[in-house]
Amino acid sequence: MSPLPTPEDFKAQIEAGVPGSVVTVIPNGSPSAQHSLLVDNDHARAVALFLRDHPDLRLDYCSLVTGVDWLDSETTEKVKVKKLVDGPDGSQQETEVEETRKTKRPGYLEAVYHLFSMDKKHGPVILRLRAANRTDQTNIPSLTPVWRSAEFQEREAFDLYGIVFDGHPDLRRILMWDGFVDFPMRKDYVPPADDPLAEVHP
Amino acid sequence: MSGTLAELESIAGPGEIMEVSMGPHHPSTHGVFRMDVRLEGEKVVRLKPVFGYLHRNHEKIAEHGAYLSAIPYTDRLDYLCSMTNNWGYVLAVEKLAGIAVPERAEYIRVIAAELTRFQNHAGLVGFLLQDMGASGTPLMYAFREREKILDLFESLSGARMMCNYMRFGGLRVDCTTGWLDEVRQLTARLPRFVDEFENLLRGNEILMARTQGTGVLSHELAINAGVTGPMLRASGVNYDIRKVDKYGIYDRFDFRVPLGDHGDVYDRYMMRILEMRETLKILEQALRGIPEGPIIDPKVRLRGLRPKAGEAYGRIESPKGELGFFLISDGSTNPYRYRVRPPSMINLTILEDMCLGQNVADVVITLGSVDIVLGEVDR
């Protein structure tokens with residue numbers, strides 16, 4: 001097993017190899033230390049081809065493709081801020097005040113690709129592609145033209161999460177039936193009431 | 001990818017294309033699985049697998065429960081190989097939470113996983129021959145040996161098929177010395193079964209005529225399509241996760257990875273026979289080296305495990321290919337994202353490529369050689 005470059009080296013290597021691409025390293029806090037690389041959607045396929053065909057990397061095997069649903073979230077943190085406060089004698093004084101700040105992060109859908117190399121026997125290298133939001137702009141480019149193994153798995157992410165993979169040759173539902181409307185793996189999915197009599201006696 | 005009815009008829013002539021829906025309940029479809037096949041005469045010109053009949057949203061069920069409560073559900077993925085499913089999942093959790101496993105537990109895991117591999121391969125060969133029309137005999141030979149292995153699983157874990165045996169950090173219960181002796185006795189007998197099985201089948205003219213040159217898969221396509229397990233190695237690609245990742249204690253055992261030349265159904269069948277022999281080698285070494293000691297780290301919190309926020313992908317070489325589990329933790333007691341990498345489903349990606357241009361009768365044996373279990377394909 002030949003060693004892989006660090007995520008930061010990867011970022012530099014990809015950005016040099018694919019001009020214009022933007023790669024962000026997403027650190028992973030767990031002991032597994034499997035850090036991932038967020039790639040911008042416009043260059044995703046070029047980056048994938050670069051990683052697959054690079055003579056030292058040869059990431060010829062895309063093992064796992066999966067969708068992840070990130071809901072809108074709000075994080076609150078307490079920050080100490082210096083503020084000018086009117087003192088008792090009328091002059092302004094600088095004192096430290098604790099403030100709660102709320103940061104809103106809009107939700108989005110994400111596709112995660114785990115890449116390995118059968119040739120060099122290394123991996124995983126983890127790519128992430130993000131859609132703009134969870135509602136109307138859920139498109140990301142399909143990597144099926146690069147790795148055929150993504151074909152069924154991207155269909156599954158479309159089926160269960162509603163991620164639309166642009167350029168996928170055959171994007172249909174795969175596990176749910178064709179007439180199904182919702183996306184059951186989303187975090188806010190509400191299953192229909194499990195009442196066999198509901199249809200008979202509404 | 002192409003192959004609309006109009007396109008196919010423009011080549012073959014109007015009315016020359018016949019559409020057949022194979023399944024969902026033909027006995028040799030290995031479960032509730034359907035193939036939409038278009039035929040020109042007997043020749044397959046298009047084939048689309050249709051599945052999902054057994055879909056129960058396994059991943060959502062696991063995301064709703066604690067880390068521990070997903071283990072019995074993994075038994076039901078590939079219901080022939082619950083031990084390896086358990087191992088794949090607990091390996092991912094161990095990576096996510098940084099848990100070490102005691103030595104004795106690692107050995108018992110290897111023994112359980114290799115016994116699973118043996119009975120899966122034996123069963124698969126039996127089913128494959130059943131698909132080919134050898135009704136009964138090879139399957140019953142395989143099931144006779146499988147029964148002995150299931151008896152061992154029952155005395156180890158209390159269940160024959162849904163073992164629910166492994167835990168992150170180790171195992172649920174220890175095995176007795178008597179159990180190890182029974183495994184030793186069985187392992188000593190099994191090579192004779194493999195010889196008998198191989199002699200019964202290998203030189204059989206009908207088997208060779210039906211399987212050699214059928215369902216050929218090139219190694220370039222196999223790699224690109226993410227095919228794993230014996231199917232990949234039948235196409236001549238040397239990639240066995242036991243050798244590549246050396247998870248558990250597989251670096252201590254001396255075994256070889258058999259490889260095929262042609263990537264046809266016959267090679268895939270031979271691959272299973274050869275892997276059964278290698279499996280017995282591993283079993284012998286593991287039974288010789290197993291130490292005394294604890295089987296689980298007592299400090300591991302099985303209930304209420306809360307790994308740090310982060311993610312991990314753990315994978316093992318299951319009998320069917322690369323079985324992986326991808327977990328994202330948000331610091332709570334449930335996994336935020338739980339994903340199975342099902343080898344059976346991904347190995348189906350190239351079913352159409354293998355079947356195009358073949359006779360319709362060969363579709364069934366090509367499918368049989370893929371080794372799918374619908375509990376895992378549909379999840």
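Reply: Just after helix α1 of chain B, B:G13 takes a positive phi of about 105°; the model is a predicted one, and this value, like the others here, is computed from it. Helix α1(B) itself is hardly covered, since the count of buried residues among its eight residues is zero.

The sheet comes next. Chain B holds an open sheet of three strands in the order β1-β2-β3, paired in the antiparallel sense. Because β1 (17–22) and β3 (43–50) of chain B stand at the edges and have a single partner strand each, one side of each is left without a neighbour in the sheet. Ignoring direction, neighbouring strands of this sheet are turned by 20° against each other on average. Helix α1 (residues 5–12) of chain B packs on the sheet, where it touches β1, β2 and β3 of chain B, and its direction makes about 135° with that of β1(B). Strands of a sheet pair, in general, through backbone hydrogen bonds, and the pairing is either parallel or antiparallel. Between β1(B) and β2 (residues 34–40) of chain B the antiparallel pairing runs over six bridges, and B:V20 has B:V37 in β2(B) as its bridge partner. A further helix, α15 (residues 360–370) of chain B, lies across β1, β2 and β3 of chain B and runs at about 150° to β2(B).

The buried residues of α7(B) are B:V183, B:T187, B:L190 and B:L201, and what covers them includes α5 (103–132), α6 (137–157), α8 (205–211) and α12 (265–289) of chain B.

Finally, there is the contact between the chains, which takes 31 residues from chain A and 37 residues from chain B. On the side of chain A that touches chain B, β3 (61–70) and α3 (150–161) of chain A each supply at least two residues, with β3(A) giving the most, namely six residues. The residues of that side of chain A divide into 16 nonpolar, ten polar and five charged.

How values were computed
Residues are numbered from 1 along each chain as its sequence is written. Chains are lettered from A and ligands numbered from 1 in the order in which they are written. This is a predicted model: local features need pLDDT of at least 70, side-chain atom pairs count only at pLDDT 80 or more; totals for chains, interfaces and linings use all residues. A residue is buried if 20 or more other C-beta atoms lie within 10 Å of its own, exposed if 12 or fewer, and partly exposed in between; C-beta atoms are placed from the backbone. Helices (H or I, at least four residues) and strands (E, at least two) are DSSP runs, numbered from the N terminus. Two residues are in contact if their C-beta atoms, placed from the backbone, lie within 7 Å. Two strands pair if DSSP finds at least two bridges between them. Axes are lines fitted to C-alpha atoms, for helices over the stretch in contact, and angles run from 0 to 180 degrees between N-to-C directions. Ala, Val, Leu, Ile, Met, Phe, Trp, Tyr, Cys and Pro count as nonpolar, Asp, Glu, Lys and Arg as charged, and the others, Gly among them, as polar.
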